[in-house]
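Here is a short report for a reader new to this structure.

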Amino acid sequence: MVTDSPSASSTTSSGGLVSVPVIGLRASQLGFALYIRRNQNEAPQLYRSAEYPLRKADLEKLAARGITTLYIRGSEHTAYRNYVLNGLARDDELTPAERYKILREIYRVAFDEAFRADTLDPMIEFTKEFGGALADAVCGNEIVLGDLFTLMEHDAGTYTHSINVATYSLILAKALGIGDMSQLQAIATGAVLHDIGKRAIQLSILAHAGPLNAQQQEEIHRHPTIGFRDIAMRTDISFDSKMMVYQHHERIDGSGYPVRLIGEEIHVWAKICAVADVFHALTSHRPYRAALSARKALQFLDEQADTTWDGSMVRCWIAIMNDTLDP
Ligand SMILES: [Fe+2]
Ligand SMILES: [Fe+2]
């Protein structure tokens, strides 16, 4: 019997129901229960218990009915994630874009739980696994960027922001010539963590609808320092990843924060993260403004190339996106 109302955005914690994409399921014994929403106005009902196998005919029927989302209990999410990752490792029929989409879905709940945990350990543990999987999905295959851009959500939620900034950082880093997979994994890790310092900022300021006053701005500007302070002594995060957390709001003309570094003083990976960060910020919906189109966001970056942002990185990003976006 389902008593909790499900979250369409899959952000409920254990005990509630979370949505999962049907594309990540295959005909097999699952080891976790599935729920189905038969009617938009009704709560999901039990569809298959953990002991009852999902059959090929079930998947065909779901596809025929246009059902692309089922639900699982949040408390069974780890079992679900392991199940999907095992399947991904064995299934070579999935396209790179499909793999990426599944990864986005299966890590969403774990990210939200780790981000809200009392200590940083779950987040670091999670990020290393997630960063590795993301780097493999984005850089380990010939992925079509147009497909990728279309299936990415573009809201301002913390998870979407982290995964989109990590995805853009990986694409830009690879285009700039960084091909070593362990470096790309560290870039993904740093990018997923880049706003980790926001855990310490009051939600009322983070979710503030409208321009911030000077005091609120000062508070939010603390997040790179807080994030860096929290991870500085860790030996399981590389120095370069730490610099992405600390320096992603520095600007090459010295107008950034927290240190007002200039040009080459800023770590290359932090400059990559900065371009990715502002591109996602501009193209995502905010409570107080509509999202800019990708074209407008590129124009914004272009106007400040060589003054605010690293010009060669901006030009590289524009070239990538021009190939990706429809004319
Ligand atoms: Fe930030
Ligand atoms: Fe950010």
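## Ground rules

Donors are N, O and S atoms within 2.8 Å of the metal (3.2 Å for Na, K and Ca); water is not among the atoms, so sites may look incomplete. This is a predicted model, where local features need pLDDT of at least 70, side-chain atom pairs count only at pLDDT 80 or more, and totals for chains, interfaces and linings use all residues. Residues are numbered from 1 along each chain as its sequence is written, ligands are numbered from 1 and chains lettered from A in the order in which they are written, and side-chain values use heavy atoms, with hydrogens and water left out.

H161 sits in helix α6 (residues 158-175) and H194 in the loop between α7 (181-193) and α8 (203-206), so the pair joins parts 33 residues apart in sequence. Helices here are DSSP runs (H or I, at least four residues), numbered from the N terminus.

H161 is buried at 9% relative accessible area, and H194 is buried at 0%. Buried means under 20% relative accessible area (1.4 Å probe, protein chains only).

## Iron ion (ligand 1)

Here the protein donors are D195 (OD), H223 (NE2), H248 (NE2) and H249 (NE2), 2.1 to 2.2 Å from the iron ion (ligand 1). H223 is buried, at 2% relative accessibility. H249 is buried too, at 13%.

D195 coordinates both iron ions, which lie 3.6 Å apart.

Notes
Helices (H or I, at least four residues) and strands (E, at least two) are DSSP runs, numbered from the N terminus. Buried means under 20% relative accessible area, exposed over 50%, partly exposed in between (1.4 Å probe, protein chains only).
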